[in-house]
Amino acid sequence: MSRDHVQSTERAGAAGAAGAAGVSGVTGVTGAVGVAGAPAAGMPSEGPGAPAPDGAGAAPVPGSGSTPASSVVDETAASPAPGAAEAPFLELLARGASAEAYEQPVLVARAEGRPAEEIAALERAKPLALRVRSELEGRRRREAELSALFETAHDLAGLRDLDAVLQAIVQRARSLLGTDIAYLSLNDPARGDTYMRVTEGSVAARFQQLRLGMGEGLGGLVAQTARPYVTDDYFKDDRFRHTRAIDAGVRDEGLVAILGVPLMLGQHVIGVLFAADRRARVFEREQIALLGSFAALAAAAIDTANLLTETRSALAGLERANEIIQDRSGVIERASDVHDRLAELVLRGGQVHDVAAAVSEVLDGTVEFTEAVAAPAQALEASRAEGHAVRHGDDWIAAVAAGGELLGALVLRGHPGLDPVDQRTLERAAMVTSLLLLARRSAAEAEQRVRGELLDDLLDARDRDSRLLRERASRLQADLDATHVVLAARLDAAAADADHEADARRRLWSAASHLAATRRGLAAARDGGTVLLLPLEPGDTATEVARRTARHLGTAVHEPVTVGASAPVEKLVTRPDAVAGAYEEGRRCLDALRLLGRSGDGAAAEDFGFLGLLLAGDRDITGFVHRTIGQVVAYDERRGTDLVRTLDAYFASGMSPARTKDALHVHVNTVAQRLERVGRLLGDDWQSPARALEIQLALRLHRLSGAGRH
């Protein structure tokens, strides 16, 4: 039976038993009734020990010694058996029967035709029993409420998960108030609205995701006034502002009666706790107070959780700060160690590889010094421009520079995650490396001048004492008996003024001298540029040396440098004019490159085909013929064929196979077979205009030299 029905039954029973004493409290009931027929003491109407209301007499109990009112005495005297009327109702109370069951004793008595006095006694006992039942239910309800509040407070005391505590509060509020749904919303100061935080019993997704503007809906009214509000019918209540979004969510959920109480922190409303039914309902004062108690616990839980979050955040911040302090302390110690070790290296004249080894140990990685040409160009240039180490893939590049000149780079291998202080350590090491290189350069400048003087002597042929030349070269770790290439290098960019031009030439000479020293060669400033004498390594060519030198010098001085190379030169000591002639040949190649618009490139005479004969100092006709048709000549010599004569006739006949077979008196198929063999020996492009011209010149020179005569 519903609570409303119980209340109506109570009211009806009270009206039918006017003048009867009220019975409240379990103690009074159990003391009033014992075994059937035993005397019972009178019970106060407002609780144990309370006086009876004015004009009301105590309930008639024989032998109790109380003084009942006269009307009640008459009725009691008419009762057939003291306590008999209360017995069935006590049994119902004992087994916790429903309110409807209290009609049964009267109905059964009437059906059995019992005396009117007995039925009247039952009628009088029924409302009293219902009042006792209501009081018992109230006490049980209050006990359950207090137990729920105690459990919630216990959960709050051991708060671990705010969502779990809020969920428990909403679940218990819904259960104790007997509502279809309970939910809790919180204010969002950042967005200036409120949102659903926890729901229990909700079935509509849109309702669960509602966000309400401040002052909207019933919750807005509660938040605005900081007081509980209740509505028996939400859609008919105009005390608060309805919005389409809120009404749609409430309609989806099917809510009618809603009770909302504020969640308060001090004087501020932080949210609202709701209980709602999907039918019309009047919420009692006790229920409003109970929901308010749960709201207070929810607010305390939120405040506690916020304090815990702030405390944890502060602790985490302190731990992080402590870690940073410890880490910084370690970094500072490492930096101090690096500073001491680098200073010691400088003082004792350490080398570049010593710096790299020291930094490798400190950074726990592999640090290498590389030449500027060997380092990634883009990363190296960025490091030089910014003055900081830059990341390149998993490596870090720190430019080693002096003024505007790149001397190389320090490369930290396979260490992508570099601490800023460690990055600074790498940069400091690069600076120390540049200082060491400058110091070494200062010490080597005298040696470079000596190298330049030796090369000047070779160019000017002033000192032809071979023994003395070899001794001077040996002290410079140069071998004049090896095959060398003479290179003429010159800057191509126009100088802004004389000072700029002089500075550019000094930087070019410095870079060339450094290159010559590392390659065991010689270098000297000459004719507005630089001349280098570099040994030719096995498998290397003059062209490759020229191009490599152009790239290296251009990178070092940050300007295009054009380099012309001579053919390989041997017997430098025994041939007085060998170096001078090779230098002139290199200069002619240099001029040819500039005329052809190939500034910033490097080349040798052999790169210009038959034009190389004009550029070469010694006019190497045999070499040109060998490079151009040497394979065909060698094939004829090995096989006794006539491929050279066939080529002569083919070009003389205007490259016509038909006229060629007439000139040679052979079949046209023979001509085709010979030309096919020539193509396999010289390459598929041998009939292109450029190649055909060189082949014809080589054939003419071969014939004029007498080698082609039969």
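A residue is called buried here when its relative accessible area is under 20%. By that rule, buried residues make up 43% of the 710 residues in the protein chain of this predicted model.

View 1. The secondary structure of the protein chain comes to 24 helices and 15 strands. Taking contacts between residues at least 6 apart in sequence, 61% join residues that are at least 24 apart. The views that follow show parts of this chain.

View 2. Rolling a probe the size of a water molecule over the atoms shows where empty space is left. In this model the count is three cavities of 30 Å³ or more. The largest cavity has a volume of about 190 Å³. Its lining is made of 23 residues, and Leu212, Leu218, Gly219, Gly220 and Phe274 lie nearest the centre. Two or more lining residues each come from β1 (181-188), β2 (193-200), β3 (211-213), α9 (217-225), α10 (244-253) and β6 (268-277). Helix α9 gives the largest share of the lining, five residues. By class, the lining has 14 nonpolar, eight polar and one charged residues.

**View 3. Gly217 in helix α9.** Gly217 belongs to helix α9, an element that also contributes to the lining of the largest cavity. Gly217 is buried, because its relative accessible area is 0% and the cut-off for buried is under 20%. Leaving aside residues up to four places away in sequence, Gly217 touches Tyr234, Phe240, Arg241 and Ile246.

View 4. Phe283 sits in the loop between β6 and α11 (285-347). With a relative accessible area of 7%, Phe283 is buried. Which residues does Phe283 touch, not counting those up to four places away in sequence? They are Leu177, Thr179, Val230, Ala257, Ile258, Leu259, Ala275 and Ile288. Val230 is 53 residues away from Phe283 along the chain, while their C-alpha atoms are separated by 7.5 Å.

**View 5. The two sides of helix α13.** Helix α13 covers residues 377-386, and its buried residues are Ala379, Leu380 and Ser383. Seen down the axis of α13, these buried residues fall within an arc of 100°, so they line one face of the helix. An α-helix has 3.6 residues a turn, so residues three or four places apart point the same way. On the other side of α13, Ala377, Gln378 and Ala385 are exposed. The cover over the buried residues of α13 includes strands β8 (390-392), β9 (395-402) and β10 (405-413). Just after α13, Gly387 has a positive phi of about 75°.

**View 6. The hairpin of strands β12 and β13.** Strand β12 spans residues 522-526 and strand β13 spans residues 529-535; the two pair in the antiparallel sense over five bridges. Leu522 has Leu533, in β13, as its bridge partner. Two residues lie between the strands of this hairpin, and Asp527 in the turn takes a positive phi of about 55°. In a regular strand the side chains alternate between the two faces of the sheet.

Terms used:
Residues are numbered from 1 along each chain as its sequence is written. This is a predicted model: local features need pLDDT of at least 70, side-chain atom pairs count only at pLDDT 80 or more; totals for chains, interfaces and linings use all residues. Side-chain values use heavy atoms; hydrogens and water are left out. On a 1 Å grid over the protein atoms alone, a cavity is a set of points where a 1.4 Å probe fits but cannot get out, and a pocket is an open set with protein on both sides within 12 Å along at least five of seven lines; lining residues have an atom within 4 Å of a point. Grid points are joined across faces, edges and corners, and a volume is the space filled by probe spheres set on the points. Helices (H or I, at least four residues) and strands (E, at least two) are DSSP runs, numbered from the N terminus. Ala, Val, Leu, Ile, Met, Phe, Trp, Tyr, Cys and Pro count as nonpolar, Asp, Glu, Lys and Arg as charged, and the others, Gly among them, as polar. Buried means under 20% relative accessible area, exposed over 50%, partly exposed in between (1.4 Å probe, protein chains only). The arc is that of the directions from the helix axis to the C-beta atoms. Contact means heavy atoms within 4.5 Å. Two strands pair if DSSP finds at least two bridges between them.
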